[in-house]
Amino acid sequence: MPHITLDYSPNMEDRTDIAALCRHLRQTAAATGVFPLAGIRVRAFAANHVSIADGDDRHGYVDISVRLRAGRDLDTRKRAAQAVFDAARAFLEPALQQHSIALSLEMRDIDPELSPKCGTIRDHMQKADPS
């Protein structure tokens, strides 16, 4: 499972479609082949209050956190992290060209011993029609 969380400055909502960015990152995560489809979660939260760099309100940011269950080797995690980052950067490129924006990503392992799970998403996912 990867949980992808976007923390962003509120002014980003005027600069890009955050819901579309979430969909784009979900599709990218699935396309890596690293993450099980049923475990992918993408969510975004605007910060209520921000103060960035020199305090200019025109600055913005998108900080992406990817949490995933431990067990993947470093090269696999690096490839997946770079794919998600590259997808976010490409999606945000028009805004990055026009505005002062910081984009960052961090990937962290979740210790499976300390992270119990339960869910029925797999039971309810639509099966692809083989025809």
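Modeller: One term before we start: a residue is buried under 20% relative accessible area, exposed over 50%, and partly exposed in between. Also, keep in mind that this is a predicted model.

Biologist: Where does Arg69 sit?

Modeller: It's in strand β3.

Biologist: And what does the side chain of Arg69 reach?

Modeller: The backbone oxygen of Ser115, at 3.0 Å. Ser115 is also among the contacts of Arg69 once you leave aside neighbours within four places in sequence; the others are Met1, Asp109, Ile110, Pro112 and Lys117.

Biologist: How far apart are Arg69 and Asp109?

Modeller: Along the sequence, 40 residues. In space, their C-alpha atoms are 5.5 Å apart.

Biologist: Let's zoom out. How many helices and strands does the protein have?

Modeller: There are 3 helices and 4 strands. Reading from the N terminus, the elements go β-α-β-β-α-β-α.

Biologist: What about the overall box, and how many residues are in there?

Modeller: The C-alpha atoms fill roughly 50 × 40 × 30 Å along the principal axes. The protein has 131 residues, and 37% of them count as buried. Looking at contacts with a separation of 6 or more, 83% come from residues 24 or more positions apart.

Biologist: Now the sheet. In what order do the strands go?

Modeller: The order is β2-β1-β3-β4, in an open sheet with mixed pairing. At the edges you find β2 (41-46) and β4, each of which pairs on one side only. On average, neighbouring strands are turned by 15° against each other, direction ignored.

Biologist: Which way do β1 and β2 run, parallel or antiparallel?

Modeller: Parallel: 6 bridges connect β1, residues 2-8, with β2. Opposite Thr5 you'll find Arg43 in β2.

Biologist: And β1 with β3, parallel or antiparallel?

Modeller: Those two run antiparallel, joined by 7 bridges. For instance, Tyr8 has Val62 in β3 as its bridge partner.

Biologist: How many residues of β1 are buried?

Modeller: 6 of its 7, so β1 is largely enclosed by the rest of the structure.

Biologist: I spotted a histidine in there. Is His3 buried or exposed?

Modeller: His3, which lies in strand β1, is buried because its relative accessibility is 12%, and the limit is 20%.

Biologist: What is His3 in contact with?

Modeller: Setting aside neighbours within four places in sequence, Arg41, Arg43, Ser65, Val66 and Arg67. With Arg43 there's also a side-chain polar contact of 2.9 Å.

Biologist: Switching to helices. Which strands does α1 lie across?

Modeller: α1 lies across β1, β2 and β3, at about 150° to β2. As for α2, it lies across β3 and β4 and runs at about 160° to β4.

Biologist: Where is the kink in α2?

Modeller: At Leu92, shortly before Pro94, and it's about 60°. Leu92 is also one of the buried residues of α2. Others among them are Thr76, Ala80, Phe85 and Ala95.

Biologist: What do those buried residues pack against?

Modeller: Three elements: α1 (18-31), β3 (60-69) and β4 (101-110).

Biologist: And what caps the N-terminal end of α2?

Modeller: Asp73 does: one of its side-chain oxygens lies 3.1 Å from the backbone nitrogen of Asp75.

Biologist: What is Thr28 in contact with, besides its sequence neighbours?

Modeller: Beyond four places in sequence, Thr28 is in contact with Ala83, Val84 and Ala87. Val84 and Ala87 are among the buried residues of α2. Within its own stretch of chain, the side chain of Thr28 reaches the backbone oxygen of His24 at 2.9 Å.

How values were computed: Residues numbered from 1 in each chain as written. Predicted model: local features only at pLDDT ≥ 70, side-chain atom pairs only at ≥ 80, totals over all residues. Heavy atoms only, no water. Bend = angle between axes of the 7 residues up to and from the residue. Buried < 20%, exposed > 50% of the residue type's maximum accessible area, 1.4 Å probe, protein only. Contact = heavy atoms within 4.5 Å. Polar contact = N/O pair within 3.5 Å; in protein donor to acceptor, adjacent residues only side chain to side chain. Pairing = 2+ DSSP bridges. Axes fitted to C-alpha atoms, helices over the stretch in contact; angles between N-to-C directions.
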